[in-house]
Amino acid sequence: MLLLSGVFAIRRIPNPSLLILAVLLAGSVAGCDREKAGGGQAQQGQANVSAGQAKGIGEFEYIVERSHKGAAAPTAAFTGPDDTPVTLAAFRGKPLLVNLWATWCAPCIAEMPTLDALAAARGEAIHVIAVAQDLQGAEVVDPWFQKAGLKALQPYLDPENGLLDAANSALPTSIYYDAEGREMWRVIGAIDWQGDEAKALLAEGGV
């Protein structure tokens with residue numbers, strides 16, 4: 001298991017070609033592992049990765065990864081705010097930004113207010129959903145939402161980690177899909193969704 005920024009650990013990377021990416025990440029991007037580590041391989045490449053960071057009070061560190069561009073959104077079901085099963089296909093028709101996060105993940109919590117502000121400001125142009133990967137589900141996520149005072153985001157739950165397994169990534173990960181459900185890019189790590197870097201990424205999808 002590799003350490004990022006000396007604090008958080010990302011998942012094991014069994015594919016030797018990904019060691020290059022791991023070197024790029026080390027010391028640059030803070031991310032959280034899942035509550036219970038899992039296996040699998042990510043199809044990522046150095047040519048499709050760019051790093052960025054916005055420093056200040058509450059540091060954001062991330063990479064933008066594009067090697068999955070064009071891939072269809074996963075079909076894994078998760079739970080909506082109304083406690084009914086839902087899949088990403090339900091959001092087709094306009095762009096979708098899916099944020100995979102957890103209540104125990106410090107970088108996830110750091111970027112959540114900026115993601116909520118994005119959802120509040122651009123909700124007519126893009127779906128923005130935050131899907132919690134906490135194994136305890138609503139037991140821990142609902143109280144967190146009640147205390148957080150978010151204005152636009154709602155608690156989606158994925159205690160089986162189906163979306164995280166499909167992404168084969170660390171937390172937080174945010175994936176942008178076009179209106180047809182095809183991935184355009186993903187951000188691994190915490191980014192300020194009100195910052196210039198995020199605005200440039202969203203502009204790529206016409207948002």
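**Note on the predicted chain**

1. Start with one pairing. Ile63 has Ile188 in β11 as its bridge partner. β4 and β11 run antiparallel and are joined by four bridges. Two strands count as paired if DSSP finds at least two bridges between them. Helices (H or I, at least four residues) and strands (E, at least two) are DSSP runs, numbered from the N terminus.

2. A word on the basis. This is a predicted model, in which local features need pLDDT of at least 70 and side-chain atom pairs count only at pLDDT 80 or more, while totals for chains, interfaces and linings use all residues. Residues are numbered from 1 along each chain as its sequence is written, and side-chain values use heavy atoms, with hydrogens and water left out.

3. Now the whole chain. Its secondary structure comes to five helices and 11 strands. The chain has 207 residues, and 48% of them are buried. Buried means under 20% relative accessible area, exposed over 50%, and partly exposed in between (1.4 Å probe, protein chains only). The accessible surface is about 9,300 Å². Carbon and sulfur atoms hold 53% of that surface. Areas come from the Shrake-Rupley method with a 1.4 Å probe.

4. Next, contacts, meaning heavy atoms within 4.5 Å. Take the contacts with a separation of 6 or more: 67% of them join residues 24 or more positions apart.

5. Back to β4. Is this strand enclosed or open? Six of its six residues are buried, so β4 is largely enclosed by the rest of the structure. Phe60, Tyr62 and Val64 point one way. Glu61, Ile63 and Glu65 point the other way. All of these are buried.

6. Side chains of opposite charge can pair when their charged atoms come close. The structure holds five salt bridges. Each is a side-chain nitrogen of Lys or Arg within 4 Å of a carboxyl oxygen of Asp or Glu.

7. Which residue besides Glu65 meets Arg186 in a salt bridge? Glu183 does, at 2.9 Å from N to O. Glu183 is buried too. Shared partners join Glu65, Glu183 and Arg186 into one network.

8. Another salt bridge links Glu204 and Arg66, again with N and O as the atoms, at 2.9 Å. Glu204 sits in helix α5 (residues 196–204). Arg66 sits in the loop between β4 and β5 (78–79), 138 residues apart from Glu204. Glu204 counts as partly exposed because its relative accessibility is 38%. Arg66, at 29%, is also partly exposed.

9. Last, the rings. The structure holds seven aromatic pairs. Rings of Phe, Tyr and Trp (its six-membered ring) pair if their centres lie within 6.5 Å; planes under 30 degrees apart count as stacked, over 60 as edge-to-face and the rest as tilted. Phe91 and Tyr156 are edge-to-face, 6.1 Å centre to centre, with 65 degrees between the planes. Both are buried. Phe78, Phe91 and Tyr156 form one aromatic cluster.

10. Trp101 and Trp144 make a tilted pair: 4.8 Å centre to centre, 50 degrees between the planes. Trp101 is in strand β7 and Trp144 in helix α3 (residues 138–148), 43 residues apart. Both Trp101 and Trp144 are buried.
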